[in-house]
Each structure stands twice: as C-alpha cells, then as structure tokens.
Amino acid sequence: MTDVERSRRLPIDEAEMEAWLAETLDLPTDMPRLLLDPQTEPLRRLLQDMRETLVPIEPSPNFVRDLGHSLTVLASQRPATFRQRYGRMIVFGLAAAGSVVSVVSVGAYWYLRREQRHSRTL
Amino acid sequence: MSEPESDLDLVKRVKKDPSAFGLVYERYVTRIYNYVYYRVGNHHDAEDLTSRVFHRALTHIKDYADRGVPFSAWLYRIAHNLVANWHRDHARRQDLALEDVTLIGDAFEMPEWVAESNEQRRWLLGAIRRLPEERQELLILKFVEQLSNAEVGQIMGRTEGAIKSLYHRTLLALRDELTQSTAASSNRSAGVIPAGDAVER
C-alpha cells in the first residue's frame with residue numbers, strides 16, 4: 001500500500017484536523033489551509049510520521065492457515081450432551097445423598113427401638 | 001453483486017452452525033492480529049494471543065447478544081483483555097520491542113534516507129510505547145485499524161467526545177516530546193550540553 005492510498009483510507013481527514021487545530025489554537029475556522037501554517041507544522045509532521053509508522057501488517061500465511069484449520073476442527077466437534085457434561089456429577093451427587101439417607105435411617109431406627117423399649121419397661 | 005453479510009447475521013448463523021465461524025475468522029484475523037501485534041511488539045506473542053482470542057470467541061459466541069455493542073467491539077474487548085493479562089504477566093515492559101515492524105524502505109529509496117527514516121520511526125514507536133496503555137490502544141485503533149472515533153469509543157467503552165479529546169491530548173503530548181527531542185538533538189549536534197542531560201535516558 002502506498003502512502004497516498006494509506007492516507008486516503010485513513011478516517012483522520014485533513015478537514016477534521018484543520019477544524020481541530022483551529023479550535024485548539026483559537027484561530028478562526030474559516031482560515032484557509034491551516035495545515036500549511038508554520039505554527040501547526042510539528043503536528044502535521046507528527047501525523048504524517050504516524051501514518052507512515054503505524055501501518056497495517058499481514059500475519060504469516062502459515063499462521064493464518066493453521067489457526068483457521070484448528071478452529072474449523074474445534075467448531076465441527078459436536079457440543080457435549082447434557083449426560084456427557086453432567087452425568088458424573090449427577091451419579092456422585094446421588095451416591096452422596098444416598099449415603100446421607102442411609103445414615104439418617106439407621107440413626108432413626110436405633111432411636112425408635114430405644115424409645116419402644118423404654119416405654120415397655122415403664 | 002450481493003451485499004456482504006452483516007456481522008450480526010453472521011453471528012446468528014454461527015450460533016446455529018458453529019462451522020460458519022470460519023467466515024468470522026477470515027473477516028477479522030488480520031485486524032485482530034494487527035491490534036495484538038502493535039500492543040505486544042513481537043510476532044510470536046501476537047500469534048499466540050490472536051489464537052487465544054479466536055478460540056475464546058468461538059467458545060463464547062453463543063453468549064454474544066447485540067446490546068448496542070457491535071460484534072467487532074466484542075471481539076476487540078476479548079483481545080484487549082488478553083493483552084492486558086499478557087502485560088500483567090510480563091510486568092517488565094519491553095523497551096522498543098517492535099522488532100521489525102515497518103522499518104523498511106522501498107528498494108528505490110536512497111539508503112541514507114531509509115536509515116534516517118527508520119531512525120525516526122524507531123523513535124516514534126518508542127515514544128508511543130511510553131504512552132499510557134489506553135493512549136497506545138487509541139493510536140493503534142485509529143492508525144493501524146483505521147477506525148472512526150465512534151468505533152474506537154465502542155471498543156474502549158467511552159463516548160465519541162471522550163475519544164476525540166483523548167486523541168487530541170495524545171497528539172499534543174507526542175508533539176511536545178517530538179519538539180523536545182528535536183531541540184535536544186540539534187543542541188547535541190551544535191555541541192551544547194543541556195543541564196540535566198548528563199544521565200542518558
């Protein structure tokens with residue numbers, strides 16, 4: 001891309017720059033070709049340098065191809081089903097709940113038996 | 001010729017059929033790579049982070065909803081967050097790490113002009129990298145990505161007016177540094193040693 005093409009593509013157009021310079025330097029906005037004013041020369045030069053320095057670059061074609069391939073593979077994988085995603089969690093959860101119920105049941109049985117024996121002796 | 005599919009339509013399509021993500025990738029890979037590259041300063045990390053941006057985008061694209069923030073801004077936010085994490089991990093900032101970017105000259109240019117021009121660009125890149133992160137980001141989005149103030153505002157989560165103001169302040173700061181640097185170098189070439197310049201920066 002040539003400098004001229006690059007400058008054309010930039011949304012930072014000179015009209016906008018002129019308007020801003022007029023505002024910043026407190027000059028009348030209708031002053032023609034403000035950018036040619038020596039007072040604004042360092043800014044104009046800075047903008048030009050930035051346009052020439054901060055230029056778009058192309059990533060390596062190998063990188064683009066390889067990443068594209070890995071994304072395609074990832075995208076084509078079917079999403080995990082509910083059972084695949086949560087199956088193990090559900091099994092462990094049910095087992096834990098079952099254990100708690102068993103312990104509570106044994107405790108309750110033991111307590112009731114003791115209460116029954118106690119009432120018979122009275 | 002038919003109009004290119006809008007980002008929003010494309011995202012809707014990807015949500016139904018993830019294999020269409022390739023189109024999103026093709027549309028944005030160079031832009032995201034550029035953004036990341038200029039933020040981290042070397043190709044190796046730029047490739048690694050760009051890869052992570054797209055993997056994350058693919059995983060979370062189902063969560064994207066258009067609430068006034070364009071898809072491109074959403075993608076840049078992912079890149080921004082990953083770059084911020086990268087900078088946190090590499091707390092010691094690289095000095096002038098932009099290894100070989102743009103330091104080139106046309107084959108038809110005079111060698112001495114190319115050397116001088118490269119020196120100027122190297123200085124400018126150094127000055128940009130000394131700016132606070134948000135200002136660096138702004139300059140990259142404006143100059144490399146060539147976005148408007150409104151688009152930059154959407155990505156950086158600020159109003160268009162705030163971006164304009166930040167942009168102007170950034171340019172003025174750089175201009176002042178440029179003026180000081182030019183004055184210092186002309187003093188040096190004239191043999192004048194300014195006070196306080198004994199310690200090399």
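The paragraphs below go through the two chains of this predicted model, from their overall make-up to selected side chains. Residues are numbered from 1 along each chain as its sequence is written, chains are lettered from A and ligands numbered from 1 in the order in which they are written. Because the model is predicted, local features need pLDDT of at least 70 and side-chain atom pairs count only at pLDDT 80 or more, while totals for chains, interfaces and linings use all residues, and side-chain values use heavy atoms, with hydrogens and water left out.

Chain A contains 5 helices and 0 strands, where helices (H or I, at least four residues) and strands (E, at least two) are DSSP runs numbered from the N terminus. Buried residues account for 25% of its 122 residues; buried stands for under 20% relative accessible area, exposed for over 50%, and partly exposed for the range in between (1.4 Å probe, protein chains only). Of the contacts in chain A that join residues at least 6 apart in sequence, 31% link residues at least 24 apart, a contact being heavy atoms within 4.5 Å.

Part of the surface of chain A is a nonpolar patch made by F82(A), Y86(A), M89(A), I90(A) and L94(A), which together have about 550 Å² of accessible area. Patches consist of residues with over 30% relative accessible area and no salt bridge, with like charges joined within 9 Å and nonpolar side chains (Val, Leu, Ile, Met, Phe, Trp, Tyr) within 5 Å. M89(A), one of the members of this patch, lies in helix α5, residues 82-121 of chain A, and is exposed at 55% relative accessibility.

Chain B has 8 helices and 0 strands, and 44% of its 201 residues count as buried. For contacts in chain B with a separation of 6 or more, 63% are between residues 24 or more positions apart. Chain B exposes about 11000 Å², with 52% supplied by carbon and sulfur atoms.

The chain B surface also carries a positive patch, formed by K12(B), K15(B), K16(B) and R67(B); Lys and Arg count as positive and Asp and Glu as negative, with His and the chain ends not counted, and the place of a charge is NZ of Lys, CZ of Arg, CG of Asp or CD of Glu. R67(B) sits in the loop between α3 (43-60) and α4 (71-89) of chain B, and is exposed, with a relative accessible area of 70%.

Side chains of opposite charge can pair when their charged atoms come close. Over all chains, the structure has 9 salt bridges, each a side-chain nitrogen of Lys or Arg within 4 Å of a carboxyl oxygen of Asp or Glu. One of them joins D7(B) and R27(B), with an N to O distance of 2.6 Å; because D7(B) lies in helix α1 (residues 7-16) and R27(B) in helix α2 (residues 21-40) of chain B, the pair ties together parts that are 20 residues apart in sequence. R27(B) is partly exposed, at 33%. In chain A, D66(A) and R65(A) form a salt bridge at 3.5 Å, N to O, with D66(A) partly exposed at 44% and R65(A) exposed at 53%.

A backbone feature remains to be described. Most residues other than glycine have a negative phi. Q146(B), however, has a positive phi near 55°; Q146(B) is in the loop between α6 (133-144) and α7 (149-156) of chain B, and is buried at 12% relative accessibility.

Terms used. Accessible areas come from the Shrake-Rupley method with a 1.4 Å probe; for residues, only the protein chains shown count as cover.
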